[in-house]
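I opened a new page for a structure I had not looked at before. Below are my entries, in the order I made them.

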Amino acid sequence: MSNGNINHSKNTGKTRNKPVRNNKNKNTFLKGSSRKTEAADKKPYKKPESPAKAPVRKPEARKTEVRKPEVRKPETRKPEVRKPEVRKPEVRKPAPATFVKTPVRSASKKSRKQASRLKIIPLGGLEQIGMNITAFEYEDSIVVVDCGLSFPEDDMLGIDLVIPDVTYLKENIHKVKGFVITHGHEDHIGALPYVLKEVNVPIYSTKLTLGLITNKLREHNMVKTTKMKEVRHGQVINLGEFAIEFIKTNHSIQDASALAIYSPVGIVVHTGDFKVDYTPVFGDAIDLQRLAEIGKKGVLALMCDSTNAERPGFTMSERTVGHVFDNLFNENRNSRIIIATFASNVDRVQQIINTAYRYGRKVAVEGRSMVNIISVASELGYLRVPDQTLIEIDQVKNYPDDQVVLITTGSQGESMAALSRMAASIHKKITIKPNDTIIFSSNPIPGNEKAVSKVINELSMKGAKVIFQDAHVSGHACQEEIKLIYSLVRPRYAIPVHGEYRHLTAQAHIAEDLGYAKENIFILSSGNILELDENGAEVTGSVQTGAIYVDGLGVGDVGNVVLRDRQRLAEDGIIIVVMTLQRHSNVVMSGPDIVSRGFVYVKESEDLMEHAREAVRTALDSCSDRNINDWSRIKTEVKDALSSYVWKTTKRSPMILPIIMEA
Ligand SMILES: [Zn+2]
Ligand SMILES: [Zn+2]
């Protein structure tokens, strides 16, 4: 999906003399390890003229002690930037003592060539929603933030999931210290079971996130072979050259984290998916205070969620949905209530349970992913269900309509999800009836509108009342929240993440409004290598990235060729031509027989099929006249003749498969 995509990245403006540099790597996959940084070629870093420029940090020299990858309290942490010069110099100088004695020569070309820079390499997740995965690399350490999947597009026939190409991580496996996961949504954890098979390193995250990951790994029988370490908000873990602090945020799933990534050249703040919710349903509000403290230390770059960057204002608090539920339950006292929402939104489920309890209704849960997540969340204490509130789906029929609520999956119109099956009257246990009130507590994700509309039509035809308004708030920050984060973190560079190209540019415009110079805003493509240090930032090349299709048990065995075949088969069907030829002489012993599927209904098109056979016979005769004996040539001739005949008479181009048998 992102292979060879256009390089939209901006440079710092210092490469004006070498305009080719930024784009010449399009379609070329450079291995990060074999590429030279060419740092010495650059002019010195020019400070941004923006009012939001970061305070100048004094890098303190610090002993290179051996750090153990254990979880430490934030108080003991000293994430100050270390001088690049005290790090092991790659170029061995004859007099290392003098080298160490004159460390502050960062302006000179010579020493800058020796200093390492931080590399930020998004391996997916840019210019798309989904498949979030970003590598942070400094010398011999790579830390990977998130490892998500994306769901197939309409033209990816038969594909179940799409996962990122992690060739770069496999090639640098000795450097990879671990996965740091921001939260438990599929677009951040979904590819772990597949990627861990090749890059088996420990996973660090918060409790609920790890609970959901464990659940996923259990399905793949991988719990025992995977190391997982729970991290609490406020804690810092050390991974190679990096220290990573988990910071509490709000999102449409609990236990979401922003990350402060401390590297030897500066701090990068990654927001993860977030919103600012001052009155969350569960737990604390986002730790704005900590973000401000880190901002005061001086932050090199901010990677901020762009999903809602086009939307003005603030995202409403999750709690407002609770009030909406109260009103809806009140207005529909006599109906059976069915609510469709995202399986992972535990807070939403909690609010439905709370309202149901207040109105004396029992709650049943339907849909495999919903049941899974609710059981993990309540086991870990993220969901509080009053005793005897939950009932099994089989028991729903034993209660009067006004005493039950059904929470279900299918809010996106997914064809196999519970609500869609109810709407299509193929659900085994629930039959939709006129006294039902069905609430969609979700917005259709772009692309799902048609499917959702179909489900609503089907439900309405059965006489049910469908409510689609106000029973949802987003889990992502709108423009004013994004501005708040920039103002607290005050990064030197802005790197919009998580979104399609339009979302990323929307955030870039916000940053410009805040006074950031264009050259300090980087809109990256998946695979780009962004190198940065105190002196500057620039895209220096790219690594291999792409989308790997998962179809059933097959991972990566369905490529573009197979997909193109599937599309063709779906559009115009297939014609198979079978003929038996005598060995050597190539005399036709039997056939040609023509079999087709998905092309025309043969019984009503006998003429067409007879003429098609005639076209094949003519092609075979012509081959023998011209002394063409090679079977692959004969096949091509047959294929061409048949396809031109079919196109002339039907304007269709089915796949044509000639098969020659030997007599
Ligand atoms: Zn999310
Ligand atoms: Zn996400």
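**Entry 1**

I began with valine 550, whose bridge partner in strand 24 is valine 555. Strands here are DSSP runs of E with at least two residues, helices are runs of H or I with at least four, and both are numbered from the N terminus. I then looked up how strand 23 (residues 547-551) meets strand 24: 2 bridges join them, and they run antiparallel. Two strands count as paired if DSSP finds at least two bridges between them.

**Entry 1: what I am reading**

I noted that this is a predicted model, in which local features need pLDDT of at least 70 and side-chain atom pairs count only at pLDDT 80 or more, while totals for chains, interfaces and linings use all residues. Residues are numbered from 1 along each chain as its sequence is written, and chains are lettered from A and ligands numbered from 1 in the order in which they are written.

I looked up the totals next. The protein has 17 helices and 27 strands. Of its 663 residues, 44% are buried. Buried means 20 or more other C-beta atoms within 10 Å of the residue's own, exposed means 12 or fewer, and partly exposed is in between, with C-beta atoms placed from the backbone. Among contacts with a separation of 6 or more, 74% link residues 24 or more positions apart. A contact means C-beta atoms, placed from the backbone, within 7 Å.

**Entry 2: strand 14**

Is strand 14 (residues 336-340) mostly covered or mostly open? I found it mostly covered, with 5 of its 5 residues buried. Arg336, Ile338 and Ala340 point one way, and Ile337 and Ile339 point the other way.

I checked its partners. Strand 14 pairs with strand 18 (residues 436-440) in the parallel sense, over 5 bridges. There, isoleucine 339 has isoleucine 439 as its bridge partner. Strand 14 also pairs with strand 17 (residues 404-408), again in the parallel sense, over 4 bridges. In strand 17, the bridge partner of isoleucine 337 is valine 405.

**Entry 3: two helix pairs**

Two packed helices are described by the angle between their axes and the distance between the axes. Axes are lines fitted to C-alpha atoms, for helices over the stretch in contact, and angles run from 0 to 180 degrees between N-to-C directions.

I took helix 13 (residues 479-489) and helix 14 (residues 501-513) to start. Their axes come within 10 Å and cross at roughly 55 degrees. That makes helix 13 oblique to helix 14. Under 35 degrees counts as roughly parallel, over 145 as roughly antiparallel, 65 to 115 as roughly perpendicular, and the rest as oblique. Gln479, Ile482, Lys483 and Tyr486 of helix 13 make the contact with Gln507, Ile510 and Ala511 of helix 14. I sorted these residues into 4 nonpolar, 2 polar and 1 charged. Nonpolar covers Ala, Val, Leu, Ile, Met, Phe, Trp, Tyr, Cys and Pro; charged covers Asp, Glu, Lys and Arg; the others, Gly among them, are polar.

Then I turned to helix 8 (residues 319-331) and helix 9 (residues 346-358). Their axes come within 9 Å and cross at roughly 35 degrees. From helix 8, Val321, Gly322, Phe325, Asp326 and Phe329 meet Arg348, Gln351, Ile352, Asn354 and Thr355 of helix 9. By class, this contact has 4 nonpolar, 4 polar and 2 charged residues.

**Entry 4: the sheet 26-25-27**

I found another open sheet of 3 strands, in the order 26-25-27, with mixed pairing. Strand 26 (588-597) and strand 27 (655-662) are its edges, each pairing on one side only. Strand 25 (residues 574-581) pairs with strand 27 in the parallel sense over 8 bridges. Helix 16 (residues 606-625) lies across strand 25 and strand 26, at about 135 degrees to strand 26.

Most residues other than glycine have a negative phi, and most peptide bonds are trans. I listed the exceptions I came across. A cis peptide bond joins glycine 591 and proline 592, with omega about -5 degrees. Proline 592 sits in strand 26.

Asparagine 627 has a positive phi of about 60 degrees. Its loop runs between helix 16 and helix 17 (631-650). Asparagine 627 counts as exposed because it has 7 C-beta neighbours inside 10 Å. Lysine 651 has a positive phi of about 55 degrees. Lysine 651 lies in the loop between helix 17 and strand 27.

How values were computed: Two residues are in contact if their C-beta atoms, placed from the backbone, lie within 7 Å.
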